[in-house]
Amino acid sequence: MADSIQLFDESTQRKLEQLILRASQVRAGAIKGERRSNKRGTSIEFADYRSYVPGDDLRRVDWNIYARADRPLTKLYEDEEDLAVYLLLDGSASMDWSSEGGDPQHQKFLYARRLFAGLAYISLVTNDRLMMAAINGDQLSSFGPARGRGFGVPMMRYVGGLEARGATDLNSMLKRYALRTSRPGLVVLISDMFSPQGYLDGITAFLSKGCEVAVVHVLSPDEIEPPMAGDLRLIDVETGAGQEVSLDGAMRDLYMRRMTEWRDGIRMDCARRGVHYVFAPTSTPWEKVILYDLRRFGVVK
Amino acid sequence: MSFLTPLALLVGLLAIPIVLLYMLRLRRRETSVSSTYLWQQIVRDREANTPWQKLRRNLLLLLQLLLLALLAFALARPYINVPAVTTGQIALLLDASASMNATDTDSGSRFAAAQRIANDIIDTMNAGDQMTVIRVADVPEVLTGYTADSAVLHNAINTAQPSNALADWTAALTLAAAGGASADNFNVLIIGDGGIGAASEFPPIPGDIEFVSVGRSDANLAITALAARGLPGQNPELFAEITNYSSTDADTIFSLSVDGALFSAERYTIPARGKLPVVSSALPENYDTLQAALTSPTGSSFVDYLAEDNAAYAVAPGLGTRNVLLMSTGNRFLEQVLRSLPGVRIFQGSPDIGLPAGDFDLVILDGWLPNTLPQNDLLIVNPPSSSSVFTLGEFTDQTSGIHVRRDDPRMTFVDFDAVNILRFRQIEADWAEPLISAEGGALLLAGEADGRQIAILPFDLHESDLPLQITFPILMTSLLEWYSPEDVFDRNAFVVGEPVALRLPADAQGVRITLPDGTSREMPLQANPVFGDTEQPGLYTLDLTHLNQTIDRAYFSVNLFAPLESEITPRTSLTLGQIEITGGEEEEIGQYEFWGWLALIALLLLLIEWSVYWQRTRAPIRFRSLDLQSGRQKQPGR
């Protein structure tokens, strides 16, 4: 459990155990899971009555009502089902970034892996079908499918061993992964969204498979507000490309305005497609993203 | 326009290293970022939208080059030729007399106007010109020696203050002439209102004299005299004089305060260039000080430009306050002589009744002695018996060979050559010294015994012709003077700037003089100190103190009373002895340097350059990220 201790502590783990991942738009689980389905089924939770029609299981007729009302009514019960959960982590080199002299806990990749593992842990505890994948350049390092607590330790080991490297084309990698999915489910993408080739096509590929998608946008504080100044040559750690910038007050303001526009653009794109968008600067506690932000969208309950 | 130090323009060559440094500096620092995704977009947008962006990038270089150009230009000391009043070796005499307080100029007072003119003249001095500044008041004062440093000269001019006194032009011109004896192009420049007087005793001036006149009005009212005279037995009389120096009639209210309380106020009209005497005999009998003031009646159109001469002060004359008790069975000579002396009030007592009670300055015992001598100062004439302080001897008629001690100040003017005395008694008193003696012994002894001053005349006045001689009142006056000296001052009215000689009593422990403005000065305990700090007109209080307690108090007044100063009509020309000097024209060519303005602009540019640099490099402020945090909560749709 060494890796799990590194990623999150026991009290967080207990909090996570009480949660459950939900996908309101996804239909039909394959096997019985631990979640209430909006279909009626065979659990012990009473849901509703309906008139008896021939062929109904006689065991479900409410005889007390029949005795009183002289009319056979059949009891309906809630169904329980499982959910296919696809967790995707952007493992490009740009994720391996922490602000100079800043809190090491704000390192983007560490933060993203914590979210990644936290969501996976919830998924395992609730008996969902979990599939995990980290995107490194044009490679995918996958984990799963896995189901049940028993996979907790291997999952943690997998997440702890992940590395951020390479330049990622989110669009093509998401599309590739979407092709491999056989079952609609909940897709959570954790990324900094620095993908010059875009991400929308990839997300659309998941949506067309009937999946419900949530995007967790992770950024470091110094990416939101750059601390440097002067005549600089900025080197992209992902691509190695240089960009000359004379960074003064006006330029910084311009960058920050552009940054806000960019985030707003992603949010609008997501909203239009029914994709949940959560902005998570690494200066906010990562549990809060799960316990508060994702919960608001109903992705976590 | 020319340059005084054109070589300094070479400083402009520093532009080359600046440009080189700028080119070197443009090597950009490499910094890693997680992604240049957004930066690329911004730079693309910005360069597309603002074509002048490249120019802006070089703004710092432009500013620095401009700054350097200005500095080089300023260092080269550019100047333009301007007309000047005078150049060369200049002795600037700044009139600081009382009339320069007149407020008939745009700058406020005439003195302020003179300062402004002097500052302008300093600005047009040529390179190599030197100037000294002399403030001409009651005592001329060299504010700065010969210097070409305009900052020093400006400072000397700007810190000078006008005085309330009459200016001593002869001394000032002598001072100025002394400095210019060896100079080639020596000029004396007088800035003032021309109230210089008609004195002919002016020293020869080696160079030219220029005169710049300030002031434009003659409207002034002044109190030119204030005095009170008191005669024993009569009410004191006041005499004042109001003078109108202007060419129009003027209304004024003459108010008189006695001991600080308003006593009377009356309105007078003084004709143009006329005088109005004010005489009053209704003053109260006992008072210390008088203060007269002129104020403008409401609604009067007359503007009095000089306020300094609108107040005058006087002190009550010393009245006969020496109380002398004469104990005699009848001595017409003594009575007569005491009556004739000023400032003596005689009380007479009879030996039959004994000594009366009362506070006497002097007790004269004539042919009679009480059992115990009183503790007052004593003049004992013809003592009938011995007493505790002396022993009486036999009568002697050896009255020839009278000798008067001439070295004693009490015996000044006392002449006993023609005095004949029938007989006198010999006296033994070791505390006394004989002031007049004959062959048979002392005829007059004086000294201090048991803390009082005692003089003894050991003969009956009726048995001599002394009372008939002219020397008798002189002797009595000298003795009285010795018993109780007069006031601490010779007089109690002085003009501004006049030193006051004090005569302190021998037992004075401390002397404090309080000035009209409330400040006080402790005087040194010398025999005859001189108080010279009489720059302020007003009433001065002198306290004789002992252990910080005032034991005696006296007043003296200091007034302007200077027709030359109150006559504020500005002159356009001056007459110094035989020379007539007309108002100065700007006939010469001076150099006006303006490097100071260039330096100022350079300083502004430096500030702008700093601000631009700061804008470009300032690190972000931490709290902005906090704003962002809190702002997150408010984002719409979240």
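Helices here are DSSP runs of at least four residues, and strands are DSSP runs of at least two, numbered from the N terminus. Keep that in mind as you look around. The model is predicted.

**Stop 1: chain B as a whole**

Select chain B. Its secondary structure comes to 12 helices and 35 strands. Chain B has 638 residues, and 35% of them are buried. Now think about contacts in chain B with a separation of 6 or more. Residues 24 or more positions apart account for 70% of these.

**Stop 2: an open sheet in chain B**

Stay in chain B and find the open sheet of eight strands. Trace the strands in this order: E17-E16-E18-E19-E25-E24-E23-E21. The pairing is mixed. Which strands stand at the edges? Select residues 344–349, strand E17, and residues 403–404, strand E21, of chain B. Each has a single partner strand, so one side of each is left without a neighbour in the sheet.

Two bridges join E21(B) to strand E23, residues 432–438 of chain B. These two strands run antiparallel. Pick His403(B): its bridge partner in E23(B) is Ser437(B).

Select helix H8, residues 332–340 of chain B. Helix H8 touches strand E16 (322–328), E17 and strand E18 (362–366) of chain B. The direction of H8 makes about 175° with that of E16(B). Then select helix H9, residues 471–483 of chain B, which also packs on the sheet. Helix H9 touches E16, E17, E18, strand E19 (377–381) and strand E25 (452–457) of chain B. Its direction makes about 160° with that of E25(B).

**Stop 3: the nonpolar cores**

In soluble globular proteins, nonpolar side chains tend to be buried together. Look for this here. The largest nonpolar core has 87 residues. Which members touch the most other members? Select Leu92(B), Leu93(B), Leu94(B), Leu189(B) and Ile191(B). Now colour helix H5, residues 110–123 of chain B: seven residues of this core come from H5, the largest share.

Centre on Ile191(B). Leaving aside residues up to four places away in sequence, Ile191(B) touches several others, including Leu92(B), Leu94(B), Ala114(B), Ile117(B) and Val212(B). Asp95(B) is also one of the residues it touches.

A second, separate core has 78 residues. To find this second core, select Leu89(A), Ala120(A), Val187(A) and Cys211(A), which are among its members.

**Stop 4: chain A as a whole**

Select chain A. There are 10 helices and 10 strands. Of its 301 residues, 43% count as buried. Among chain A contacts between residues at least 6 apart in sequence, 78% join residues at least 24 apart.

Colour chain A by pLDDT. The mean is 83, and 89% of the residues reach 70 or more. Then go to residues 1–5 of chain A, where the pLDDT is below 50. Beyond near neighbours in sequence, this stretch has seven contacts in the model.

**Stop 5: where the chains meet**

Show both chains. 30 residues of chain B are in contact with 37 residues of chain A. Which element of chain B gives the most to this side? Select helix H2(B), which gives eight residues. Strand E2 (29–33), helix H2 (37–49), helix H11 (595–617) and helix H12 (623–632) of chain B each supply at least two. By class, this side of chain B has 10 nonpolar, 12 polar and eight charged residues.

Finish at a pair of strands. Five bridges join strand E8, residues 230–236 of chain A, to E2(B). These strands run parallel. Select Ile235(A): its bridge partner in E2(B) is Ser32(B).

Notes
Residues numbered from 1 in each chain as written. Chains lettered and ligands numbered in written order. Predicted model: local features only at pLDDT ≥ 70, side-chain atom pairs only at ≥ 80, totals over all residues. Contact = placed C-beta atoms within 7 Å. Nonpolar A, V, L, I, M, F, W, Y, C, P; charged D, E, K, R; others polar. Pairing = 2+ DSSP bridges. Buried ≥ 20, exposed ≤ 12 C-beta atoms within 10 Å, placed from the backbone. Core = buried A, V, L, I, M, F, W, Y, C linked by C-beta atoms within 7 Å. pLDDT = per-residue confidence, 0-100. Axes fitted to C-alpha atoms, helices over the stretch in contact; angles between N-to-C directions.
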